[in-house]
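Try each task yourself before you read the solution.

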Amino acid sequence: SGICSSDSYCCQYSTCATCTGAGGTCSSCAANRYLDGGQCKPDEANGFSGCGNNGWCISGICSSDSYCCQYSTCATCTGAGGTCSSCAANRYLDGGQCKPDEANGFSGCGNNGWCISGICSSD
């Protein structure tokens, strides 16, 4: 990987900032990565490209163009920002986000703007 740990072992992954032990598992990560089980995975919050599968993304969704979706409510997303291009069930697309679909009586509106009626009830 080109990275040598403080205890003189080679890091297993080039995305490590530091690593430990003979296995060379990451103990900290380079920018735009997060640590998960000794590996540094892409940080979708920054729209980082390079996810290999859904497990690499905090949202749980890796798009077909290898970006982590910003939101777990996306069915699909595109581009560096990881904005939603289609939504999971009971959601509608609004400006790259999937918001609760109140037409189906789905609860979870965050403010009046999420509802076609313009009213998000307190219950």
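**Exercise 1. Work out which pattern the chain follows along the sequence.**

Step 1: Read along the sequence, the pattern is β-β-β-β-β-β-β-β. Step 2: Counting elements gives eight strands and zero helices. Here helices (H or I, at least four residues) and strands (E, at least two) are DSSP runs, numbered from the N terminus.

A word on the model: it is predicted, so local features need pLDDT of at least 70, side-chain atom pairs count only at pLDDT 80 or more, and totals for chains, interfaces and linings use all residues. Residues are numbered from 1 along each chain as its sequence is written, and side-chain values use heavy atoms, with hydrogens and water left out.

**Exercise 2. Describe how β7 and β8 pair.**

Step 1: Locate β7 at residues 91-94 and β8 at residues 97-100. Step 2: They pair in the antiparallel sense over four bridges; pairing requires at least two DSSP bridges between two strands. Step 4: The two strands form a hairpin with two residues between them, and Gly95 in the turn has a positive phi of about 60°.

**Exercise 3. Decide whether Thr15 is buried or exposed.**

Step 1: Find Thr15 in the segment before β1 (16-20). Step 2: Thr15 counts as buried because its relative accessibility is 17%, where buried means under 20% relative accessible area, exposed over 50% and partly exposed in between (1.4 Å probe, protein chains only). Step 3: Leaving aside residues up to four places away in sequence, Thr15 touches Cys29, Ala30, Arg33 and Cys40; contact means heavy atoms within 4.5 Å.
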